[in-house]
Amino acid sequence: MAQVQLDHVSMKYTGPDASVQPALHDVQLTLEDGETIAIVGPSGCGKSTLLKLIAGLETPTSGRVLYNGHDVTGTEPQQRGVGMVFQDYALYPTMKGKGNLSYFFEVHQRTEAEMEQHVREVSELMGVGFDVLLGQMPTTLSGGEKQRVAIARCIVRRPPVFLMDEPICNLDAKLRERTRIEMRRMLQKYRVTTVYVTHDQQEAIFMGDRIAVMRGGVLEQVGTFDELYFTPANRFVAEFIGTPPMVFLAVHKSSASLNLNGVGGWTLPADLAAQLPDGALLLGMRAESWAIGQGLAAHVSSIERIPTQQAAFVSGSLGAHRVHVLVPLDTPHTAQIQVMPQWDKAYFFEPTGERVLLTPAIPDLF
Ligand code: ADP
Ligand code: MG
C-alpha cells in the first residue's frame, strides 16, 4: 500500500518541430494510502500524462514523484510495481482467463494455494458470471469481458498503486454501469491507492473518494463531490460538476441593484450588496437555487418531470441566457415563469469566471 505525492510536477513534451508543448503545469497532489482519486477533465488536459508520471512511464520536466515519502522520480516502472489498466485491454492471448490472473503468481513463484485463494476472492467480487470467463480464451471474449478480465488480473496482484485510464469508456452504457460497480466494490475491499481517469463526470463521482478536476495541464481543484459542488473555485469547476450544470449570467451591479442586460433587474439584500463590488459580475445559479413566482420573466421552452423527486426541471431563457429551474412537480405549465435567485444560494464570480468572489453558506448536509 502506498501514499503517492506529486510535488510541483510539470511536464513539457518536445514536438516533432522541436516546439515545446506544456502538458502539465505545477501539479501538487497527494493520494492518501488506500483512497481512490478520480481525475476528470476534457480531452487533452493532461490526465494520461499525469498517470504516466505516477507509473514511471514518463519523467517530469521538473518536480518530484514520491511513494511513501521516497523520491521515485527517476526509477523505472518495474521498480514502482504499479498496476495499470488502459482502454485497450492487452490480455496474454495464449492463456485462458484464469491463466491471465494466475500468471503473476507463477512468475513470482508463489504457492498454488495462495494463487487459488486470490483468484477465487477476486472472481467472487467481480460478480455473477465472472468465473465463466476464467475458462475462456481471450479471442472468444467480447470487448467488455476482456476488460473485466484485465481489471481482475491487475487487482489480483494487489499492487501498491492502481492506475486506470478510461478503462471502461469503450463499453456500452449497461456494461459500463455494471463494471464500475464491480470496480468500486473491489477498490473498497482492497483499499488499493488508485487513480481513476475519466472524462465522464458521473463516473468520477461514482468511483472517486475525491475528485480532481483538470483543465489545460492545471489541476483546478481537488475535493469530495460535495466540496466541488458547493465550494467550486471557479466557473470551470462549477460548470463541470453537477447536472444540469450551473448557469452563468453576466450581470452588472450598482449598489443594491443587479441588472441583467436587456432583461431587467433584481434588488439585492443589503448585506449581500455590501459584500460585492460594483460593476460587472458573473452570477452562478444552480437549478435548485431559484425562487419562482417573483422577479424577472423567463420564457419556458421545455419541462422535464421527475416524479421520484416530486419536482420538474423547467428549461427556458432569460433574455439571451439559458436557465434551468427546479420547480415543484405540481407547478402549472405556463409560457412564462417569474424567477429570482434565492440570494443565500447564489454564487458570484469575477466576470472572467476565473475566481469565485462569493460562495453561499454551505448547507448542513450530514
Ligand atoms: P488527456 O489524457 O487528458 O486527453 P494527455 O495527457 O494525453 O491528455 O495529453 C496532454 C497534452 O500533451 C496534449 O496536448 C497532448 O497532445 C500532449 N501530449 C501527450 N503525449 C504526448 C507526446 N508523447 N508527445 C507530445 N505531446 C504529447
Ligand atoms: Mg488520455
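Pro244 is placed in the loop between α10 (235-240) and β11 (247-254). In this predicted model, the peptide bond that leads from Thr243 to Pro244 is cis, and its omega is near -10°.

**Backbone features in loops**

- Glu166 lies in the loop between β7 and α7.
- Although Glu166 is not a glycine, its phi is positive, at about 45°.
- Glu166 has a relative accessible area of 11%; it is therefore buried, the limit being under 20%.
- Ser255 is found in the loop between β11 and β12 (257-260).
- Ser255, likewise a residue other than glycine, has a positive phi near 40°.
- The relative accessible area of Ser255 is 49%, so Ser255 counts as partly exposed.

**The largest nonpolar core**

- The largest nonpolar core holds 32 residues, and those that touch the most other members are Leu101, Val122, Phe130, Ile155 and Phe162.
- At least two residues of this core come from each of α3 (97-107), α4 (112-126), α5 (130-134), α6 (143-156), β7 (161-165) and α7 (173-190).
- With seven residues, α6 gives the most to this core.
- Leaving aside residues up to four places away in sequence, Phe130 touches Leu101, Ser123, Arg148, Val149 and Ala152.
- Another core lies apart from the largest one; it has 30 residues, including Leu272, Trp290, Ile337 and Phe348.

**Helix α7**

- The 18 residues of α7 reach 26 Å from the first C-alpha to the last, close to the 26 Å expected at 1.5 Å a residue.
- Its buried residues are Thr179, Arg180, Glu182, Met183, Arg184, Met186, Leu187 and Tyr190.
- These buried residues pack against the helices α4, α6 and α8 (201-207) and against the strands β3 (36-40), β7 and β8 (193-198).

**The chain as a whole**

- Taken along the principal axes, the box filled by the C-alpha atoms is roughly 75 × 50 × 45 Å.
- Of the contacts between residues at least 6 apart in sequence, 65% join residues at least 24 apart.
- The accessible surface comes to about 17,200 Å², and carbon and sulfur atoms account for 51% of this area.

Methods: Residues numbered from 1 in each chain as written. Chains lettered and ligands numbered in written order. Predicted model: local features only at pLDDT ≥ 70, side-chain atom pairs only at ≥ 80, totals over all residues. Heavy atoms only, no water. Contact = heavy atoms within 4.5 Å. Areas by Shrake-Rupley, 256 points an atom, 1.4 Å probe, with all protein chains shown as cover. Core = buried A, V, L, I, M, F, W, Y, C linked by side-chain atoms within 4.5 Å. Buried < 20%, exposed > 50% of the residue type's maximum accessible area, 1.4 Å probe, protein only. Helix = DSSP H or I, 4+ residues; strand = E, 2+ residues; numbered from the N terminus. Expected span 1.5 Å × (residues − 1).
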